[in-house]
Amino acid sequence: MDVIITPTKLNGRVTVPPSKSMAHRAIVCASLAQGKSLISNVAMSDDIKATVGCMRLLGAEIEQKDGLLEIVGIKGKSSTDITFDCNESGSTLRFILPIALALNDGVNSFVGKGKLGERPMKIYSDICKEQGIEYIDKSLQNQLHKLDIKVKGKLNGGKFVVDGGVSSQFVTGLLFALPLLEGDSEIIINGELQSRGYIDLTLSALKTFGIDIVNDAYKMFCIKGGQKYQAQNYFIEGDYSQSAFYETANYIGNEVVQNGLDAESLQGDKVIIDFIGRLKNATNDEALTFDGGNCPDIIPVFALACCMRRGRTRIINISRLRIKECDRLFATAQELSKMGADIRAEEDSLIIEGVTKLRGASVDSHNDHRMAMTLAIASTVADGEVKISDAQSVSKSYPDFFEVFESLGGKLKYINRRTQ
C-alpha cells in the first residue's frame with residue numbers, strides 16, 4: 001500500500017499507543033508465570049502478535065478479550081519440535097530463543113521475514129557453541145535471506161559474556177530465561193551497554209512478576225536459578241517511541257495534544273522530550289550534538305526535527321540503525337534529502353544543516369514502520385504532495401497510524417489498500 005499526502009497541519013488530541021516494548025515483556029513474563037495474568041491496554045501490532053504466537057507454542061494459554069490479554073502461564077517443560085514464526089520482530093526472536101532452550105528439549109526452529117534473517121545473532125550462536133547446543137543458521141544461504149535458525153539442546157546456568165554494543169535484546173532474552181534454570185548465573189557485559197533504558201524496562205517487568213535480579217552498574221547481572229514467575233495484572237503504559245512522532249510534529253508547527261503517557265516512565269525513548277527541548281532552547285545557528293546510542297528508535301523522526309531548525313546538528317553513536325528493519329541511517333538521509341533536507345549519513349552519525357521548508361516528493365519507507373511515520377510527519381511541512389511507498393509497514397508497531405493521522409486533519413489517499 002502507498003499513500004499520497006496533501007500537506008496540511010495536524011491539530012487535535014491523540015491517545016498515544018501502548019508501549020510495544022512493555023507489551024513484549026509483560027506477555028513473556030505472564031506466559032512464564034504460574035496462574036492467570038491479565039495484561040490490559042495492549043495494541044495488537046504485528047510484532048506483539050508474533051510474541052503471543054510464540055508463547056502459545058511453548059504452552060501458554062493466551063486469549064484476547066475486551067481489550068486485554070488473559071494469559072495462563074506455561075505449566076511445564078516440553079519435548080517436541082516447534083517452529084516459531086517471529087515475523088519481522090527482532091525482540092520476539094531474541095527474547096524467545098533462550099526461553100525455548102530453557103523449556104523445550106526438542107528442535108526449536110525460528111523463521112521470519114523481511115530483514116530479520118540478516119540481523120546479528122552471533123551472541124547466541126557463541127553461547128550455544130560454548131554449551132554444546134546445536135545451532136544451525138541457514139538464513140544467509142537462501143535467496144531472500146529469510147530467517148532460518150534451528151537450535152536443539154539444554155541451556156545451562158553459568159557465566160555469560162555479552163557484547164554490550166550489539167543489542168540489549170540479547171541481555172533481555174537471557175534475563176528472562178536464566179531464572180528458570182537450576183543453577184545460578186551471571187551476565188557480564190563486555191564494553192559499554194547500549195540502550196540501557198530497555199534493560200530498565202526488562203528489570204522492572206521481571207520485578208513485577210516476582211523475579212529478583214541484581215544489577216551491578218550495568219556491568220554484571222546476577223541471577224539466582226530456580227525462581228518462579230508470579231502471575232500479575234499489568235497495565236501497559238503509553239509508548240514514548242510513538243510519542244516522538246507527535247513531539248516532532250509539534251516542534252515543526254503542528255498542534256497535537258497527547259494523552260496516555262507516564263511522566264515517571266523508565267522508557268529510554270522518553271529522552272525525546274529533552275532532545276526537543278534542547279532544539280527549542282538553542283540560539284539561532286547554534287551547533288548541537290546529540291548522542292543517540294540509547295534511543296535508536298526515535299532517531300529518524302528526531303532527525304526530521306533537526307532538519308527544520310537553523311544551524312548544524314550532529315546525531316552520533318547511531319551505527320546500530322544500520323541493522324534495523326532497514327538501514328535506517330542511510331534511509332533517513334536518503335528520503336529526507338529527496339524532500340529537500342540537507343542531511344548526510346556517515347558511518348555512525350547524521351550531519352544536518354537546517355532548512356526552512358521541505359518539498360513534495362515520492363519517497364520510500366523501505367518497508368520500515370518508523371520510516372513511514374517519519375515521512376508522514378515530514379509531509380506536514382512540505383510544499384507539495386508526498387507519496388510514501390509501502391506505507392502498510394506501520395502495522396508492525398502502530399497499525400492505525402494513518403487513521404489517527406486523518407483524525408488530526410491529515411489529508412491522504414490510499415493506493416492499492418487491502419481491506420480487512
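R94 has its place in helix α3 (residues 90-103), where helices (H or I, at least four residues) are DSSP runs numbered from the N terminus. The model is predicted, so that local features need pLDDT of at least 70 and side-chain atom pairs count only at pLDDT 80 or more, while totals for chains, interfaces and linings use all residues. Residues are numbered from 1 along each chain as its sequence is written, and side-chain values use heavy atoms, with hydrogens and water left out.

**Surroundings of R94**
- R94 counts as buried because its relative accessibility is 4%, buried meaning under 20% relative accessible area with a 1.4 Å probe and protein chains only.
- Not counting residues up to four places away in sequence, R94 touches R119, P120, M121, Y124, S167, Q169, F170 and G173, contact meaning heavy atoms within 4.5 Å.
- Although R94 and G173 are 79 residues apart along the chain, their C-alpha atoms are separated by 5.8 Å.
- A polar atom of the R94 side chain lies 2.7 Å from the backbone oxygen of P120.

**Helix α11**
- Helix α11 (residues 369-378) is largely enclosed by the rest of the structure, because ten of its ten residues are buried.
- A376 is among the buried residues of α11.

Conventions. Buried means under 20% relative accessible area, exposed over 50%, partly exposed in between (1.4 Å probe, protein chains only). Helices (H or I, at least four residues) and strands (E, at least two) are DSSP runs, numbered from the N terminus. A polar contact is a pair of N or O atoms within 3.5 Å; within protein, one must be able to donate a hydrogen and the other to accept it, and residues adjacent in sequence count only if both atoms are side-chain atoms.
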